Amino acid sequence: RAASPAKVGILETVRVWRDLFRAAALLTMAVRTSRPAALALAMLAAVALSMCTPCAWIQARGALRPQIEMTSWGVGQADGKMGKAGMAGAEASVLASQAGKALLSMALLGALAAGRMAKSRKSSVRCQALAPEQSDVPEQLEAPAELSDMETVEVSRGQLVRGAGVAAAAGTLAASSAEAKTVDPEWVQYDLNTGETLYDIDFDKNDPSHGFVVGARGLFYETKDGGKRWVSRSFANLGKSEDISYRFQNVSVNGGEVWIVGKPALILHSKDGGKSWKKVPVSRKLPGEPKVVISLGPGKAELATSSGAVYITDNDGKNWKSQVAETIDATLNRVSASGVQGASYFTGSVKSIKRTANGQYLAVAQRGNFYLSFTPGDQRWLPHNRISARRIQAMGFREPSVTEPWEGAWMSLNGGVLTQCEKEGFTTLGADTKELFKLSTIKTGGIGIIDIAFRTAKEAWATGGSGVIYQTTDGGKTWNFDPSGTQLPCNLYNVKFFNNGTVGYMIGSAGILLRRTFKPAEEA
């Protein structure tokens, strides 16, 4: 049974408008992405639709008209009205087809224009300075409330039960006799009686015996004897449930000044070496969450957030002044066609930030598809390509803990690949990172490298998943496996050196803390 002419007209009209929406979607995709693959797809699809759909509409209209004429002449007034309705539907479909052809042509022209625009933007961004734009980072921030006093108490945590009980016991015995040693032949495990992850550790440069360790679920330890004995503390008036939910992820010590940042957004500050604390209210206008804090002196600190905002306070956190003009996301929105792979997929935050003593920053995008750099005095972060299809796992500066000349950076990629750059060009806009970073010789078996710290300009230590530890003595060209962490049921997330490179620490999951003493650099 043949469909009625009116129904055929309506169906053809719906089909026309469906293809119109497809053409609009192609045009939107081509203009928004400006990627070669998307442009090619948009152009091919626009050409195919332009060639095929008008032919279908014309054939449908030609098949429809005889039915209309037969109905109007041979059946009567009622069927004639149906024929008129069918004719109206057909005419509507023809008009819509003309509009569809016009919009498809616009999609094709838009794709070509977007391609030319992407090419011109790519060349201009690499050669010219970024154009100024309205800032999305407030220049001044003020604490929304008064700083509140915090009370700390000593607490005892339950004994951690490890799978490798023999190794843990041996580590504890070795730690108890470490005081009698000047130099440790290997890394020694210290039992902190906790199974929580440790995220950061820091010591006072003026008093190397005083330091802090922070971690998950409000974990907070203090030492006053250079790391031989650690005392667990807790903030009593945070509330029990609140205390457990916080993750303290960064600590900075400078004389009596101690700063801690945590997640959810939290800033804690002490002016007397940790005896008393104040909670610094976090402004709702702060872009991102506090990620890294550095104590710069009495009442002065620098704060970097997950969105790339950098602020400095000189009055104990009551007011903050921005050091950047815009967030990373705002910068990438304007330079998405600058040749940086993966910039259009930026999630709005970074997964890691490293800072040097002179204020330079390196950050890795959350997905690891590119990295960014910030130099004091610049207005914004600069994006840079990764060196291969492998995503960046971690990155940092080749900054030794001793006062020796240094330059360059290290970059670890997924699958245990490690690279080194011994030049300064890795922070230059449009730098050829494939030429700057060279592969290091290291056998990781596919286990990723999470952190690296240089004790001297030539000696460095690397940590990673499954407790792996590696050492280099030639500046990072070749790395050798160290068996100290073979039996550790953890990932080692952080390695640092203090006291002019004579004491090193490795911390990670399952409450693992490794310590080792070294000879001074001039005697090594």
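Accessible areas here come from the Shrake-Rupley method with a 1.4 Å probe, and for residues only the protein chains shown count as cover. The model is predicted, so local features need pLDDT of at least 70 and side-chain atom pairs count only at pLDDT 80 or more, whereas totals for chains, interfaces and linings use all residues. Residues are numbered from 1 along each chain as its sequence is written, and side-chain values use heavy atoms, with hydrogens and water left out.

**View 1. The whole protein, with its surface and its contacts.** The protein exposes about 24,800 Å², of which carbon and sulfur atoms supply 54%. Of its 524 residues, 50% are buried, where buried means under 20% relative accessible area, exposed over 50%, and partly exposed in between (1.4 Å probe, protein chains only). Seven helices and 31 strands make up the secondary structure; these are DSSP runs numbered from the N terminus, with helices being H or I of at least four residues and strands E of at least two. Among contacts (heavy atoms within 4.5 Å) between residues at least 6 apart in sequence, 55% join residues at least 24 apart.

**View 2. The open sheet of five strands that includes β1 and β13.** The strand order is β1-β16-β15-β14-β13, with antiparallel pairing; two strands pair if DSSP finds at least two bridges between them. Because β1 (140-142) and β13 (290-297) stand at the edges with a single partner strand each, one side of each is left without a neighbour in the sheet. From one strand to the next the twist averages 25 degrees, with axes taken as lines fitted to C-alpha atoms, for helices over the stretch in contact, and angles running from 0 to 180 degrees between N-to-C directions. Within this sheet, β14 (residues 300-305) and β15 (residues 310-313) run antiparallel and are joined by four bridges, and L303 has Y311 in β15 as its bridge partner.

**View 3. Strands β5 and β6.** Strand β5 (residues 198-203) is mostly covered, with five of its six residues buried. Five bridges pair β5 with β6 (residues 211-215) in the antiparallel sense, and L198 stands opposite G215 in β6.

**View 4. The salt bridge between K263 and E289.** The structure holds eleven salt bridges, each defined as a side-chain nitrogen of Lys or Arg within 4 Å of a carboxyl oxygen of Asp or Glu. In one of them K263 pairs with E289, and the closest N and O atoms are 3.8 Å apart. K263 lies in strand β10 (residues 257-263) and E289 in the loop between β12 (277-280) and β13, so the pair ties together parts that are 26 residues apart in sequence. K263 is partly exposed at a relative accessible area of 36%, and E289 is partly exposed at 32%.

View 5. E302 forms a salt bridge with R355, with 2.9 Å between the closest N and O atoms. Since E302 lies in β14 and R355 in β17 (residues 350-355), this pair ties together parts that are 53 residues apart in sequence; E302 counts as buried at 8% relative accessibility. The side chains of D451 and K354 also meet in a salt bridge (3.1 Å, N to O), which links D451 in strand β25 (residues 449-454) with K354 in β17, 97 residues apart. D451 is buried, with a relative accessible area of 1%, whereas K354 counts as partly exposed at 29% relative accessibility.
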